[in-house]
Amino acid sequence: MLTDLKVKVGPQFYRYHGGAIDFVPAVLQEFSAKNILIVHGQISYEKAKPYLSFLKQADYNFYFLQYTGECSYYGAERIAEVVRENQIDFIIGVGGGKLADLVGYAAHMMNVNFGVIPTLASNCAPWTPLSVMYKENGESEGKSEHFLRQAAFFITDPELVVDAPVNYFIAGLADTIAKWYESDAILQQAHLKNEPFLQLAGYTSELCKAAILNDSAKAIKDMKAGKATEEFVHLSEIVFAVAGLVGGLGDKYARNAIAHAMHDGMSKYIPASHRFLHGEKVAYGIFYQLAVEKKWEQITALIPFYQELDLPMSLTQMQLLPEDETVIDQIVAFMDSKDKVHLLPIPITTDLLKKSIFALENYINKN
C-alpha cells in the first residue's frame, strides 16, 4: 500500500462548450467574490475579450494586470502586490499555460481562490496543482508543487481555443502523449499494479494516447480551417483537462519522468532551446526516454506520427546538440538528480543517460 500518493483530481468546476464562459458569475457568487483581479496576456486577451461579458457586471470590482510572459517568482510577486493593495479575494487567469501556472502559484502564495479561462490547448497547466517556474529570461527554475488548492473553476469556449496558433496545439498533443510513454513502465511494476488510483491514471493515459494517434491529423486540419469540430473539441479537452487528470490521479507515478526531465535540462543548460515550445522539447524527450529504455521499436513506430506533425526527433534536427560535451554532462547530472527519473524499473546511471543521447542521435540520423 502506498503512503506517499497525493491525489489532486482537478478544478472544482469545469465547463468547455459554446457559451460556457457565461457561467463564470455563478462561480464567483458561490465564492462570495467581490474584488477580482484579471491576470492576462496580450494577444490572447484581445481575442478573449468578446467572450468575457461578465466584466461588464457592476456587482464586482475588477482590476487588471498584464503578465510578463513568464511564470516567474518575480511575476508572482507582481500579482501579490496588486492583491495586497486592492484586497483582492479572487484571481482569474485568462491565457495560456504559463499564465495559468503563474496565477495558481500566486493564488497559493496569497491564500486566495482563483479560476482559469484558457485561450489555447498547449498543455495541462490549467488543470494541474503545480507550477513550472522560469526566470524572466526563459531559463528553467524548477517547479512548485506545494500548494494544496486547485482552481475554483476551469471554464472556456472551443471557439476561443480554436483561434489560437496551431503550433501550440501540436505541441500540446506531444506533451499529452508523453503521459503514456512516461508512465506506462512505472505503472506496470508489480508493487503498483493493484493501486486503484494508479490504475485509473493508467487507463486515462491510454485514452490520451489512443485519441491523439487516431484523431490528431483531422483535429489539426479542422483547427487550421478555424472549425471547432468534434475531433478538435475532444482532443483539445484531452490536452488541457484529461492529461491533467492523469497526473492528478497518479501523482508522481504518472505525472512525468525522463521526457520532462530532459525538457527541464535543455531549458536550463541550452539557452537556444527557448525558441522551442514546451511540448516540442517534450516530444524529443519521449524519443530520448525510449532510447534510455532501449525501446527502439516504439521509436520506429512513432516516427511517421512525428513526421506528420513535424515534431523534433533529435537534438541534431533541432540544431541544439552541444559542441561542448560538458553541457551534455550538466544535463545528464541534472536529470540523474531527479527522483522521478529513478521511478522507472531500470537502473538509471549517468553513463546510461549520456550514452542514450548519442545513441538516439545515431538512430535517428540513420532512419
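This is a predicted model: local features need pLDDT of at least 70, side-chain atom pairs count only at pLDDT 80 or more; totals for chains, interfaces and linings use all residues.
Let's start inside. Searching the whole structure turns up 1 cavity of 30 Å³ or more, and the largest cavity holds about 70 Å³ of space. Its lining is made by 15 residues, and those closest to the centre are Ala-100, Phe-114, Ala-125, Pro-126 and Thr-128.

Two elements, α4 (97-110) and β5 (113-118), each provide at least two residues of this lining. The biggest share comes from α4, with 3 residues. Sorted by class, the lining of the largest cavity counts 10 nonpolar, 4 polar and 1 charged residues.

## The second largest pocket

Next comes an open space: the second largest pocket, with a volume of about 190 Å³. It is lined by 13 residues, and Leu-187, Gln-188, Leu-198, Gln-199 and Gly-202 are the closest to its centre.

Here the elements giving two or more residues to the lining are α6 (166-187) and α7 (196-224). Of these, α7 gives the most, with 6 residues. The lining of this pocket has 5 nonpolar, 5 polar and 3 charged residues.

Val-7, Val-9, Phe-197, Leu-200 and Tyr-203 together make a nonpolar surface patch of about 450 Å².

Val-7 sits in the segment before β1 (14-16).

Conventions: Residues are numbered from 1 along each chain as its sequence is written. Side-chain values use heavy atoms; hydrogens and water are left out. On a 1 Å grid over the protein atoms alone, a cavity is a set of points where a 1.4 Å probe fits but cannot get out, and a pocket is an open set with protein on both sides within 12 Å along at least five of seven lines; lining residues have an atom within 4 Å of a point. Grid points are joined across faces, edges and corners, and a volume is the space filled by probe spheres set on the points. Helices (H or I, at least four residues) and strands (E, at least two) are DSSP runs, numbered from the N terminus. Ala, Val, Leu, Ile, Met, Phe, Trp, Tyr, Cys and Pro count as nonpolar, Asp, Glu, Lys and Arg as charged, and the others, Gly among them, as polar. Patches are made of residues with over 30% relative accessible area and no salt bridge: like charges are joined within 9 Å, nonpolar side chains (Val, Leu, Ile, Met, Phe, Trp, Tyr) within 5 Å. Accessible areas come from the Shrake-Rupley method with a 1.4 Å probe; for residues, only the protein chains shown count as cover. A salt bridge is a side-chain nitrogen of Lys or Arg within 4 Å of a carboxyl oxygen of Asp or Glu.
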